[in-house]
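Open the model in your viewer and keep the selection tool at hand.

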Amino acid sequence: MRKTLILSILLGATFLSVSAQKSEKEVLQKLEQKSKEYGIIAQNIWDFAEMGYQEEKSAGLLQETLENAGFTITKGVAGIPTAFIAEYGSGSPVIAILGEYDALPGLSQKAVAEKESADKAAGHACGHHLFGTASTAAAISTKEWLAANKMQGTIRFYGTPAEEGGSGKVYMVREGLFNDVDIALHWHPGAQNAASAGAALANKSAKFRFHGISAHAAGSPDKGRSALDGVEAMNIMVNMMREHIPQEARIHYVITSGGKAPNVVPDFAEVYYYARHNSRNVVIDIFDRMVKAAEGAALGTGTTMDYEMIGGTHELLPNLTLQKLVHDNLTEVGGIAYTAEEKVFADKIAKTLGMEKADLNVAKNIQPYKTEARAYGSTDVGDVSFTVPTVGFGTATWVPGTPAHSWQAVAAGGTSIGNKGMMVAAKTLTKTAMDLFKDKKLVEQAKTEFLENRGADFKYIPLLGDRAPALNYRN
Ligand SMILES: [Zn+2]
């Protein structure tokens, strides 16, 4: 806590003494000068390592930073305490920059090149501490440029919690918080610098709960009905179903409750499922079949079943007009160079991933532009991308070759390597936002493409239905 306090004094002083930055070059130079301060903010959030919907300190630190820089903050939007909007300016265009800050359970790790837990409940294995901070930095530098040039328009930072399974943005979209936005920008930490038109899978997730009757497992098993049998029967059926669904689909589950002791017939058991595919209609179909499997399992095991929707996201709708712009900006900003010390760290990490050495050219270069890139993750940015023209990219915040959701990602994200990749993102976002404020035609072109791609008959239906935000899904 003390670290945060000192930090806020430091930030208050820095951000109040902002001098006018008229040219884009000056804006980017100023941003570079602030990389140390933003690094401290990111490392604080890395340290907090707060899970979805519990990101009070992380959201608080970003709010404070944005408020000190002259933004108006609206906290607790869409019924989510850690969701917020920070705004500066007025009128159109309205450019939104998305920021995330949730950590992943069970992935606690120190900022060292061998697997060593930091003894926390969670870790930033998806780099969202960098995500939130770079987006904050970009919103602030864009604001300073708007102010110095007395430009018209609104820059907004969206503080979007619980990306990891909590579908935070979906509630914000459902609430209509993006309705007046012209363009939304986002990025993601990664192991390379790339701004190709990425894809993401739509997904639906739910917790299936089976209720049985407990009894002595040896003395009176006939009196019992095992809730765990319900879970196991469901799993068998869903696993068989895998052979009869589109190839590109993904289904995964964990048993989150399976009883307490073998000599007690469990009267409660729970299994947590995900279904994914690059078309939401396929996901909806698979999910409905999973529900049928759960109903059948309950029927056959003499138990009862209910389920709770946890998450649901659309696939990503790419926008090539914007994607090309971001690729050009990312190319101009350029990748990152490692210091001798960072190289030693990177090579050690590479060895733990089964590589001889880290390929540092990957961090230095920008991947060639592709109009279509396949990806198998999901993101709640998908719902934003079906609401307003949206564009994203990735930067090398981890040692090349590092998979997301790994201890190696947590480790690198806690070092100067993570901070460097973060600043590449902050600069690319800032350049892109400035371009969009300057060029109304470009905004219109992106919107035309968006409406065409989305289709005339599109109607937004959240995949998680009308449920209230699952604020305790990590409890
Ligand atoms: Zn992520």
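Begin with the second largest pocket, which holds about 230 Å³ of space. A pocket here is an open set of points on a 1 Å grid over the protein atoms alone, where a 1.4 Å probe fits, with protein on both sides within 12 Å along at least five of seven lines. The volume is the space filled by probe spheres set on the points, which are joined across faces, edges and corners. This is a predicted model, in which local features need pLDDT of at least 70 and side-chain atom pairs count only at pLDDT 80 or more, while totals for chains, interfaces and linings use all residues. Residues are numbered from 1 along each chain as its sequence is written, and side-chain values use heavy atoms, with hydrogens and water left out.

Select Gly 198, Ala 199, Pro 318, Glu 372 and Ala 373: of the 15 lining residues, these lie nearest the centre of the pocket. A lining residue has an atom within 4 Å of a point. Colour the lining by type and you get 7 nonpolar, 4 polar and 4 charged residues. Ala, Val, Leu, Ile, Met, Phe, Trp, Tyr, Cys and Pro count as nonpolar, Asp, Glu, Lys and Arg as charged, and the others, Gly among them, as polar.

Next, the salt bridges. Each is a side-chain nitrogen of Lys or Arg within 4 Å of a carboxyl oxygen of Asp or Glu, and the count by this rule is 21.

Select Asp 47 and Lys 120, whose side chains form a salt bridge at 3.3 Å, N to O. Asp 47 is in helix α3 (residues 35-48) and Lys 120 in the loop between β4 (104-105) and β5 (122-123), so the pair ties together parts 73 residues apart in sequence. Helices (H or I, at least four residues) and strands (E, at least two) are DSSP runs, numbered from the N terminus.

Now select Asp 380 and Lys 169, a salt bridge of 2.6 Å, N to O. Asp 380 sits in the loop between α11 (360-364) and α12 (381-385), and Lys 169 in helix α6 (residues 168-174), 211 residues apart. Are these two buried or exposed? Asp 380 is buried at 1% relative accessible area, and Lys 169 is buried at 0%. Buried means under 20%, exposed over 50%, partly exposed in between (1.4 Å probe, protein chains only).

Last, select Lys 292 and Glu 295, which meet at 3.6 Å, N to O. Both lie in helix α8 (residues 280-301), 3 residues apart, about one turn of the helix. Lys 292 is exposed at 58%, and Glu 295 is partly exposed at 39%.
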